Amino acid sequence: MKIIRNVCFALGMMFLLQSCIVSEKPNMAYFSDSGQDFKGAKFVSINVPLFLAKPFIKKALREDGEAEEVIRLVRKVSRIKVMTVENGDPEMLKDFAGYLSNNRYEEWASIKHDGDNVNIRVKQKGDAIRNMLITVHSGKELVFVDVKGNFTANDISKMIASASDK
């Protein structure tokens with residue numbers, strides 16, 4: 001009986017952890033569905049289950065001395081997708097910005113830090129913000145972080161203010 005329970009537990013964990021995937025294919029709609037040739041760009045996509053990631057994120061934020069209100073925002077996150085692009089070009093970023101505008105993303109902040117450009121765009125319906133996209137552009141390297149959750153404008157403003165202060 002104990003063996004059956006252990007096998008069931010192992011199979012259950014394998015099922016839950018299968019969503020922790022690292023892939024060399026884009027995991028964001030524009031890049032995977034556009035059919036464009038991205039001229040030698042190399043993609044790395046990461047999907048991590050939040051039940052595994054949230055404790056590590058909270059611990060890292062506390063170690064970095066973040067305010068407790070920023071740490072509380074982590075509770076409101078329901079999904080995170082990360083995609084990195086090597087050998088990306090400015091035209092790709094320009095086309096992607098157009099795609100986001102066409103899909104009702106609003107630019108909320110643009111921060112320059114040590115030569116890197118950080119853009120924060122949100123998709124809002126009424127007072128609720130369900131999707132936030134953070135784009136980091138550093139030369140030919142790009143990082144996209146797609147965050148889904150249930151945020152307010154005040155939550156996003158606090159996060160931007162916290163990032164701007166550092």
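Q: Which residues of α5 are buried?
A: Met92, Leu93, Phe96 and Leu100 are the buried ones. Buried means under 20% relative accessible area, exposed over 50%, and partly exposed in between, with a 1.4 Å probe and protein chains only. Helices here are DSSP runs of H or I with at least four residues, strands are runs of E with at least two, and both are numbered from the N terminus.

Q: Okay, and where do they sit around the axis of α5?
A: They cover an arc of only 95 degrees, so they are on the same side of α5. That arc is taken from the directions from the helix axis to the C-beta atoms. In general, an α-helix has 3.6 residues a turn, so residues three or four places apart point the same way.

Q: What's on the face turned away from that buried side?
A: Exposed residues: Pro90, Lys94 and Asn102.

Q: Before I go on, what kind of model is this?
A: This is a predicted model, where local features need pLDDT of at least 70 and side-chain atom pairs count only at pLDDT 80 or more, while totals for chains, interfaces and linings use all residues. Residues are numbered from 1 along each chain as its sequence is written, and side-chain values use heavy atoms, leaving out hydrogens and water.

Q: Switching to the largest nonpolar core: which residues touch the most other members?
A: Ile120, Met132 and Ile156, out of 17 residues. The elements giving two or more residues to this core are α3 (50-63), β5 (116-125), β6 (128-138), β7 (141-151) and α6. A nonpolar core is a set of buried Ala, Val, Leu, Ile, Met, Phe, Trp, Tyr and Cys residues joined through side-chain atoms within 4.5 Å.

Q: And which residues does the second core include?
A: That separate core has 14 residues, including Phe43, Phe96, Leu100 and Leu133.

Q: Now aspartate 155: buried or exposed?
A: Aspartate 155 counts as buried because its relative accessibility is 8%. This residue lies in helix α6, residues 153-165.

Q: What does its side chain reach?
A: The side chain of aspartate 155 reaches the backbone nitrogen of threonine 152 at 3.0 Å. Beyond neighbours within four places in sequence, aspartate 155 is in contact (heavy atoms within 4.5 Å) with Leu73 and Lys76.

Q: Last one: how do β4 and β5 pair?
A: Strand β4 (residues 105-113) runs antiparallel to β5, with eight bridges. Two strands pair if DSSP finds at least two bridges between them. Glutamate 106 has valine 122 in β5 as its bridge partner.

Conventions: Polar contact = N/O pair within 3.5 Å; in protein donor to acceptor, adjacent residues only side chain to side chain.
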